[in-house]
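Visitor: I would like to learn how to read the aromatic rings in a structure. Could you take me through them step by step?

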Amino acid sequence: MTNILEAIVNIADLPTLTVKDLTFGNNRATNVGDGLEEFIKDIFSGNNDVTNNEVKKSRYQKTFSYEGSKTRPPDLMIRGGDAIEVKKTESLYSELQLNSSHPKAKLFSSSQMINLHCKDCESWIEKDIIYTIGHIPKKSKTLSSLWMIYGSIYAADDSVYTDLKNTITASLESAPGLDFSETNELGRVNFVDPLKITNMRIRGMWLLKPPVKVFDYVYNYNQDLKFQLVAIIPLDKYENFPRDSINKIENHNKKIITISDIDIKNPNNPVKYIKCKLILILIKD
């Protein structure tokens, strides 16, 4: 079974490690976004250097139990492993648009925000989720940085977000003169106009600060580098990966992959810290 350590090693082993090996997609931004998802699929499945479509397809099916929709998380689920959410940004410091899905520390099969195909793709109750955020500068086809951050150190517990949603919904329900319907979103107000032919959906639009801002106290982003991979993995998660994967990344060329111990603020209580591993791949030219 693959994991984030295997994916990082696959990136490090790209031929010559020049930025051209991380170039994909066409000129249109939507296609570049699709290219990023394809790149993430390839590094986790070991398909980076595979050109035979049948071989690629077989590896995808073996590696992933689910490939998601455009509107609901996750984008990918590793069979028996973690979930992956892929985000593309053209501006390094712009907020990440999560739309109606709040940030997630973990992914639960009981969540109302995932679809039936995701719930039934394998036998599972909860999964750790990796946020993979790729920066592709505007009018560029080149991936200049990739952050891989576990939700457990990026997002607070579900109740922090659902309690806010419930508070807003309760306030709308109690508003006089509204024909209110509860939905998976914030709600719906029916019969807005005198003809009673207009309804209004009320949606939450969640925005998340990018990791380059959130984790600037442990990694100082270098604008002069051609490419940088920044992965932050909770120590207890790291130590539970297969020993073969740990040995593979720890015995890799230290000039390409560096690993250090860091402390990350607990998203539920920032005065407490979570021990993590910081893994970097830094390409100068």
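**Rings and their partners**

Guide: A charge counts as sitting over a ring if NZ of Lys or CZ of Arg is within 6 Å of the ring centre and within 35 degrees of the ring normal. Here the charged end of Lys41 sits over the ring of Tyr60, 4.1 Å from the centre of that ring, and Lys265 lies over the face of Tyr217, at 4.8 Å from the ring centre. This is a predicted model, in which local features need pLDDT of at least 70 and side-chain atom pairs count only at pLDDT 80 or more, whereas totals for chains, interfaces and linings use all residues. Residues are numbered from 1 along each chain as its sequence is written, and side-chain values use heavy atoms, with hydrogens and water left out.

Visitor: How many aromatic pairs does a search of the whole structure find?

Guide: Rings of Phe, Tyr and Trp (its six-membered ring) pair if their centres lie within 6.5 Å, and planes under 30 degrees apart count as stacked, over 60 as edge-to-face and the rest as tilted. The search finds five such pairs. One of them is edge-to-face, Tyr131 with Tyr154, at 5.7 Å centre to centre and 90 degrees between the planes.
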